[in-house]
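Thanks for making time this morning. I would like to walk you through one model, so please have a look at it before I start.

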Amino acid sequence: MEHFSAIRDKLDAYGLDAMLLTCEANRFYASGFRSTGTDGAALVTKDETYYWTDSRYIEAARQQVKGASVEMTEPGRGYAVLLSEAAARHGLRTVGFEDTYMTVAELKDYSRRVAGVEFKPAAALLTELRMVKGPEELAALVEAQRIAERALAEIYNEIRIGVTEREIAARLTYLMLHYGAENTSFDPIVASGANGSKPHAVPGGKPFAAGEFVTMDFGCICGGYCSDMTRTVAVGYVTEEMERVYRTVLDAQRAGIAAARAGVPGCDVHNAAAKVISDAGYGAYFGHGFGHGVGVEIHEAPRASTTYDKPLPAGAVISAEPGIYLPGRFGVRIEDVIVIREGGCENIHLASKELLILS
Ligand code: ZN
Ligand code: ZN
């Protein structure tokens, strides 16, 4: 799916004659063409769209990029030259660039070599568009989620005393690719026992022991869109405290989900969940945000965190992932992904969240 015309429709609102896209995620969002490399640029003007890349990607780009004239860069005829030519052809004066991505050196180079054009920071244009997902984007996100859930259902049969974090991480990766994912959306996190108190622990060679929690945070990519989920299960048995912490995290997640709807500031959703955790006496042990946007990238706008005071728009997709992390002891995180709607939200996850004790 391509979004060139959606970008074009926003040019006036951002005071631009054209938008230059070089960031891989934005180029994919705009063109629907997923290249494996960093080389490529798209230019959306008011009456024409260009996609430029080098000889390694040109054949695939010509086949897959629709709605743009595709041109190959050559030695001595790089992006700055092609941009200068397009600027002259269309009379471009103000060109937006991705100020959250382009390097200072690249901006200097473009400014020096593309005469008569003012480069204006405009990453927000893409952020605004990408934040609200259309039906095809949602379908891809759900497909990626279904694959992750299939992998989860199977991995439950493999978690037992003596199996290591790294083995489970490798198996999750394998299973998601096996069931049709294009890739993982990030390296799976598998953390057990005391490692579970580090929210982004790196899976190691530690074998699972009885009385431990195992937290698995993983996702995959379908149609260029990411899934993200976390489940925490117990091995052998749980103590009363482990059960209480698990219940608190689940209640917090439900409170955040209940507060999530279009128009509500992201921080209010976070605070609804954080209140449940602090009321239970664990306020000091929940340090990250309740949720982040999920889409072409695993972390994108909007956020449900203490500092995000903007309203969540209808059609935004965010994670719902509170956690409690007791240093040196254990941790619990539970993560679903929700679609923000008018008056509420829709949970795209189907996997159960009841406390599971595997043996
Ligand atoms: Zn996650
Ligand atoms: Zn997440």
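I will talk about a metal site and then about the nonpolar cores.

This is a predicted model, in which local features need pLDDT of at least 70 and side-chain atom pairs count only at pLDDT 80 or more, while totals for chains, interfaces and linings use all residues. Residues are numbered from 1 along each chain as its sequence is written, ligands are numbered from 1 in the order in which they are written, and side-chain values use heavy atoms, with hydrogens and water left out.

The zinc ion (ligand 2) is held at 2.1 Å by Asp228 (OD), His292 (NE2), Glu321 (OE) and Glu335 (OE), where donors are N, O and S atoms within 2.8 Å of the metal (3.2 Å for Na, K and Ca), and since water is not among the atoms, sites may look incomplete. Asp228 also bridges to the zinc ion (ligand 1), the two ions lying 3.0 Å apart. Asp228 sits in the loop between β11 (225-226) and β12 (229-235) and Glu335 in the loop between β17 (330-333) and β18 (336-341), so the pair ties together parts 107 residues apart in sequence; strands here are DSSP runs (E, at least two residues), numbered from the N terminus. Both Asp228 and Glu335 are buried, meaning under 20% relative accessible area with a 1.4 Å probe, protein chains only.

Turning to the cores, which are sets of buried Ala, Val, Leu, Ile, Met, Phe, Trp, Tyr and Cys residues joined through side-chain atoms within 4.5 Å, the largest has 37 residues, of which Ile7, Met19, Tyr51 and Val65 touch the most other members. A second, separate core of 35 residues includes Met131, Val269, Phe286 and Ile340.

Technical notes: Helices (H or I, at least four residues) and strands (E, at least two) are DSSP runs, numbered from the N terminus. Buried means under 20% relative accessible area, exposed over 50%, partly exposed in between (1.4 Å probe, protein chains only).
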